[in-house]
Amino acid sequence: MKQRSAGKPDIELGKRIRLRRVEMKISQAELGEKLGVSFQQVQKYEKGVNRVGAARLQQIASALDVPVTFFYDGDNKAREVESLLFLDSAFSLRLLRAYSKIKDQTVQRQLVSLMESIAANES
């Protein structure tokens with residue numbers, strides 16, 4: 001019997017695992033240690049190369065302090081999770097972290113207006 005290879009759902013699941021791991025500022029090695037696997041195995045889960053079984057997903061959810069449902073569509077957080085998948089780039093993370101350090105709401109609004117203006121000119 002041939003084992004099913006990883007596919008699109010596995011890739012999406014991997015993106016969400018990576019999203020939460022990066023959000024918690026945990027390295028692949030640290031997550032692997034919590035799960036009892038190598039960082040290479042965590043990489044494979046995150047890239048969707050290897051499938052994540054139900055028991056392993058429960059371990060990952062516990063290690064990342066989220067419910068298992070965080071990794072799936074169908075709840076009210078699905079759109080929020082989808083919108084956060086852009087954090088896959090280091091530049092996006094840097095931008096978000098810098099923005100979150102700005103305390104003055106006027107400056108925040110000005111920055112958003114500036115970025116929207118730049119983005120509109122790129123289209």
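**Entry 1. Asparagine 50**

I began with asparagine 50, which I located in the loop between H3 and H4. I note at the outset that the model is a predicted one. I looked up the exposure of asparagine 50: its relative accessible area is 25%, so the residue counts as partly exposed. I then took a C-alpha separation across the chain. Asparagine 50 and glycine 14 are 36 residues apart along the chain, and their C-alpha atoms are separated by 9.2 Å.

**Entry 2. The chain as a whole**

I listed the secondary structure elements next. The protein chain has seven helices and zero strands, and from the N terminus the order reads α-α-α-α-α-α-α. I looked up burial and found that 30% of the 123 residues in the protein chain are buried.

**Entry 3. H1 against H3**

I turned to the helix pairs. Two packed helices are described by the angle between their axes and the distance between the axes. For H1 and H3, I found that the axes come within 5 Å and cross at roughly 120°. The two helices are therefore classed as oblique to each other. On the H1 side, the contact is made by Asp10, Ile11, Gly14, Lys15, Ile17, Arg18 and Arg21. On the H3 side, I listed Tyr45, Glu46 and Lys47. Sorted by class, the residues of this contact are three nonpolar, one polar and six charged.

**Entry 4. H2 against H3**

I kept H3 (residues 39-47) and examined its packing with H2. Their axes come within 8 Å and cross at roughly 100°. H2 and H3 are therefore roughly perpendicular to each other, since angles of 65 to 115 degrees are classed in this way. From H2, I recorded Gln28, Ala29, Leu31 and Gly32, which meet Phe39, Val42, Gln43 and Glu46 in H3. The contact of H2 with H3 comprises four nonpolar, three polar and one charged residue.

**Entry 5. H2 against H4**

I then paired H2 (residues 28-35) with H4 (residues 54-63). The packing angle is about 120°, and the axes are 10 Å apart. H2 and H4 are therefore oblique to each other, and I recorded their crossing as right-handed. Leu31, Lys34 and Leu35 of H2 meet Arg56, Gln59, Ile60 and Ala63 of H4. By class, I noted four nonpolar, one polar and two charged residues in the contact of H2 with H4. Leu31 takes part here, facing H4, and it is also listed in the contact of H2 with H3.

**Entry 6. Positive phi values**

I next searched the backbone angles. Most residues other than glycine have a negative phi. Which residue in the loop between H1 and H2 did I look up? It was lysine 25. Lysine 25 has a positive phi of about 60° although it is not a glycine. Its relative accessible area is 63%, so lysine 25 counts as exposed. I found aspartate 65 in the loop between H4 and H5. Aspartate 65 likewise has a positive phi of about 60° without being a glycine. With a relative accessible area of 61%, aspartate 65 is exposed.

Is proline 67 buried or exposed? Its relative accessibility of 52% makes it exposed, because the class begins over 50%. I took the C-alpha distance from proline 67 to leucine 57, 10 residues apart in sequence, as 9.9 Å. Finally, I looked at glutamine 58, which lies in helix H4. Its relative accessibility is 42%, so glutamine 58 counts as partly exposed. Glutamine 58 and valine 68 are 10 residues apart in sequence, and I recorded 6.2 Å between their C-alpha atoms.

Notes:
Residues are numbered from 1 along each chain as its sequence is written. This is a predicted model: local features need pLDDT of at least 70, side-chain atom pairs count only at pLDDT 80 or more; totals for chains, interfaces and linings use all residues. Side-chain values use heavy atoms; hydrogens and water are left out. Helices (H or I, at least four residues) and strands (E, at least two) are DSSP runs, numbered from the N terminus. Buried means under 20% relative accessible area, exposed over 50%, partly exposed in between (1.4 Å probe, protein chains only). Axes are lines fitted to C-alpha atoms, for helices over the stretch in contact, and angles run from 0 to 180 degrees between N-to-C directions. Angles under 35 degrees count as roughly parallel, over 145 as roughly antiparallel, 65 to 115 as roughly perpendicular and the rest as oblique. A crossing is left-handed if the near helix is turned anticlockwise from the far one by less than a right angle, and right-handed if clockwise. Contact means heavy atoms within 4.5 Å. Ala, Val, Leu, Ile, Met, Phe, Trp, Tyr, Cys and Pro count as nonpolar, Asp, Glu, Lys and Arg as charged, and the others, Gly among them, as polar.
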